[in-house]
Amino acid sequence: MGQGRFYIVSTPIGNLDDITLRALETLKKVDFIACEDTEHSLKLLNYYGIKKSLISYWSEKEKVRAEEIINKIKSGHSVALITDAGTPGISDPGAVIIQRAIEENIEIIPVPGPTALITALSISGLSSEEFTFIGFLPVKQAQRRKKLLELSSEKRTLVFYEAPHRILQSLHDMLEVLDDRRACIARELTKMFEEVLRGRLSELIEKLENSKIAGEYVIIVEGITETPQTVDEALKEVKELMKKGKGRKEAVKIIAELYGLSKKELYEKSLKMDEIE
Ligand code: SAM
């Protein structure tokens, strides 16, 4: 008997209908399904009438279970690994066993599907051209702020996962460390109480403080749009162009495009600078 197959299968992040045909087909054909919480996964499997032997597998047991699963695959059984929601390995267990499978030359077959970060990012209205996924911030406030400080000059869009009991505190820390940037909070995606809030961090805090906080959240925050140095440089260049005869509006338009800055803000700053000088 040759080696079995090892599938990493994405499952829904809420709505049970969000599962691919290939994921269902895979779950139906494998010998074992490795899952985090059997009770949780049974809801999905029962919904689709899938009856399989389950191997319970969660973060603390990851190392021990990884060996059991590797042995099963090596002895010819096929295994599908799923987590409670979304894509395994994304703020979820999976990394340890994948690493072990690579070491054992076991082929790993991805069966892609939903993940909360991409679902939220795709409807956030913030730039998804370049982004960085942080996942959960540290629980302790001092460490959380330190992490945010490290991220404060990041130009790419920032994507966080957060637990409901910490979301307000994290948003307050973001406002303090990152300033009042544009952001989006996506709550309970694909579920009955799905809600998407967009606005400045201060506005989102106000909205959340006046509503019931419950469920699962993704927070997306715009990357830094300008640095003090670039604004100073841009203002100098606007001045140079004006000295050469360009009107303020035209000079601002050229330089704002060149530096990727907001025309309106650069115009206002350039006016203010002339008033001060
Ligand atoms: N593996 C999952 C994925 O692919 O997105 C993430 C699992 S992680 C343990 C759980 C966190 O993901 C939640 O605390 C929340 O931040 C986010 N999340 C998962 N499902 C969500 C949903 N339906 N709506 C909003 N956020 C969700």
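**Close-up views of the ligand site and the cavity**

Domain 1 (6–114) and domain 2 (117–221) each give at least three residues to the shell around the ligand; the domain bounds come from an automatic or database assignment. The model is predicted: local features need pLDDT of at least 70, side-chain atom pairs count only at pLDDT 80 or more, and totals for chains, interfaces and linings use all residues. Numbering starts from 1 along each chain as its sequence is written, and side-chain values use heavy atoms, without hydrogens or water.

**View 1. The shell around the ligand holds 19 residues.** The closest are Ile-13, Asp-92, Thr-115, Tyr-161 and Tyr-217. Strands β7 (157–162) and β10 (217–221) each supply at least two shell residues. Strands are DSSP runs of E with at least two residues, and helices are runs of H or I with at least four, numbered from the N terminus. The shell has 10 nonpolar, four polar and five charged residues. Here Ala, Val, Leu, Ile, Met, Phe, Trp, Tyr, Cys and Pro count as nonpolar, Asp, Glu, Lys and Arg as charged, and the others, Gly among them, as polar.

**View 2. The lining of the largest cavity takes four residues, its largest share, from α9.** Helices α9 (228–243) and α11 (263–276) are the elements that give two or more residues to this lining. Among the lining residues are Leu-235, Met-242, Arg-248 and Met-273. The lining divides into four nonpolar, one polar and three charged residues.

Technical notes. A residue is near a molecule or strand if one of its heavy atoms lies within 4 Å of it. On a 1 Å grid over the protein atoms alone, a cavity is a set of points where a 1.4 Å probe fits but cannot get out, and a pocket is an open set with protein on both sides within 12 Å along at least five of seven lines; lining residues have an atom within 4 Å of a point.
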